[in-house]
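Student: Could you take me through a close look at the aromatic pairs in this protein, and then say how they sit within the whole chain?

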Amino acid sequence: MTNLLILGGTTEANALVKTLADQGIPATYSYAGRVDNPRPQPLPVRVGGFGGVEGLTRYLTDHAITHVVDATHPFAAQMSTNAISACREAGVPLVALTRPAWRAHDEDRWQHVSDIGAAVTALSGPKRRVFLAVGRLHLEDFAAQPQHHFLLRLVDEPDALPLPDCEAIVSRGPFTEAGDRALMLQHGIELVVSKNSGGNGARAKLDAARALGVPVLMIDRPTLPQRTELSNVTQVLDWLAHSGVNLGV
């Protein structure tokens, strides 16, 4: 009997879960638990980690999971790596539903860096007004460059901010180019720091930066072990059908 595990937390995961629910395909949606108020889902939900590769392997076996779809954030490297190893150990087919990375246009002023640490180092120098769009998990790293004024945009209200000179806006996307252009003008932004997350929901800040001639410090995606990657729900459904899942259509 089919029993899917969806490793989620993204817009793409939400779309997949809705489609699976509409077609009556048994699945569980797993959140990492990093957002305080995740969106309600039409399928059973679990929240929290699995306990590494061993814990995830045990979960797959104990719950008779037949297929895993990794639809986590492109920067959730540890979870994705664990999923690859656990599925291999348990003999469970795995596919990744991941949005394509953003690519620079000719008019963009992007500086690529390999990871968060490299981004922090690249911020050495005189004070600037920086739109730091990297989420809340890595804010403490940027405290190493306290000379800057940081504008933060977070999904949840923070308990405390580790940056000495910053302002936080709590907002959930998708955002618009016009809205982000106005935001950046209002705050006098001189540099945008962004992970290369891909997708449409958070791209507006890059379009706004291009329109305003503001440079972008782009953090490249982590390198993962080889896996099958698909970019939309239709491709995942085709993969499931070819993996023996009865989609009922």
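Tutor: Let us begin with a term: a residue is called buried if its relative accessible area is under 20%, exposed if over 50%, and partly exposed in between, using a 1.4 Å probe and protein chains only. This is a predicted model, in which local features need pLDDT of at least 70 and side-chain atom pairs count only at pLDDT 80 or more, while totals for chains, interfaces and linings use all residues. Residues are numbered from 1 along each chain as its sequence is written, and side-chain values use heavy atoms, with hydrogens and water left out.

Rings of Phe, Tyr and Trp (its six-membered ring) pair if their centres lie within 6.5 Å, and planes under 30 degrees apart count as stacked, over 60 as edge-to-face and the rest as tilted. By this rule there are three aromatic pairs. One of them joins F50 and Y59, whose centres are 5.1 Å apart with 70° between the planes, an edge-to-face arrangement; F50 and Y59 are both buried. Another joins F142 and F150, also edge-to-face, at 6.4 Å centre to centre and 65° between the planes, and here again F142 and F150 are buried.

Turning to the whole chain, buried residues make up 46% of its 249 residues. Of the contacts (heavy atoms within 4.5 Å) with a separation of 6 or more, 63% are between residues 24 or more positions apart. The C-alpha trace, finally, spans about 60 × 35 × 30 Å along its principal axes.
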